[in-house]
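These are my notes from going through one model. I wrote them in the order in which I looked things up.

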Amino acid sequence: LGDWSRVNDDISYQTYENWVKKEEGEYIGLGYTLKERDTVFKENIRLLKEGENWVFEVSGVNKEMTPFKIVSVSHNEFVAVNDTNEFPKKIHYKFHERQLNAIISDEKSTIEFKFKSLP
């Protein structure tokens, strides 16, 4: 939860994520990238418990919302997959010592986002 700033971004970009708990079993996130004062990327994210399963949903990137099924969870990380999505097919979030890492990947490439907590 909270506000996060990417620390391994290209020097001309600033990437952020913000997470809030909407209610029990639902978290809302916003990810966006700025170049100077212009927003060059934006996505709405939702982590939602459906029955016994968790789903990671991304909207604002594709025409339709893209769901990722959570396939692995521990106290400080989760892995979500959607094999039908073009990219990424896998999203891995891990929280460790006030740092949040998000790794998105498919069979050919991997992009790592390292975030620090903003005060």
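I began with L34, which sits in strand 3, residues 26-35. Strands here are DSSP runs of E with at least two residues, helices are runs of H or I with at least four residues, and both are numbered from the N terminus. The model is a predicted one, in which local features need pLDDT of at least 70, side-chain atom pairs count only at pLDDT 80 or more, and totals for chains, interfaces and linings use all residues. Residues are numbered from 1 along each chain as its sequence is written, and side-chain values use heavy atoms, with hydrogens and water left out.

Is L34 buried or exposed? I found L34 at 18% relative accessibility, so it counts as buried. The cut-offs are under 20% relative accessible area for buried, over 50% for exposed, and partly exposed in between, with a 1.4 Å probe and protein chains only.

I then listed the neighbours of L34. Leaving out residues up to four places away in sequence, L34 touches S12, Y13, Q14, Y16, T39 and V40. Contact means heavy atoms within 4.5 Å. For Y13, 21 residues from L34 along the chain, I noted a C-alpha separation of 5.6 Å.

Next I went to T15, in strand 2, residues 13-23. T15 has a relative accessible area of 7% and is therefore buried. With residues up to four places away in sequence not counted, T15 touches W4, S5, R6, D9, Y32, T33 and F115. What joins the side chains of T15 and D9? I found a polar contact of 2.5 Å between them. A polar contact is a pair of N or O atoms within 3.5 Å; within protein, one must be able to donate a hydrogen and the other to accept it, and residues adjacent in sequence count only if both atoms are side-chain atoms.

I looked at backbone angles in the loops. E36 lies in the loop between strand 3 and strand 4 (38-50). E36 is not a glycine, yet its phi is positive, about 60°. Its relative accessibility is 67%, so E36 counts as exposed.

E97 is in the loop between strand 8 and strand 9 (99-105). E97 also is not a glycine and has a positive phi, of about 50°. I put E97 down as exposed because its relative accessible area is 67%.

Which peptide bond is cis? I found the one from F87 to P88, with omega near -5°. P88 is placed in the loop between strand 7 (77-81) and strand 8 (90-96).

Last, I took the chain as a whole. How many helices and strands does it have? I counted zero helices and ten strands in the protein chain. The radius of gyration is 14 Å, close to the 14 Å of the globule rule for 119 residues, so the chain is as compact as a globular protein of that length. That radius is taken over C-alpha atoms, and the rule is 2.2 Å times the number of residues to the power 0.38. The C-alpha atoms fill a box of roughly 40 × 30 × 25 Å along the principal axes.

Of the 119 residues, 34% count as buried. Among contacts between residues at least 6 apart in sequence, 20% join residues at least 24 apart.
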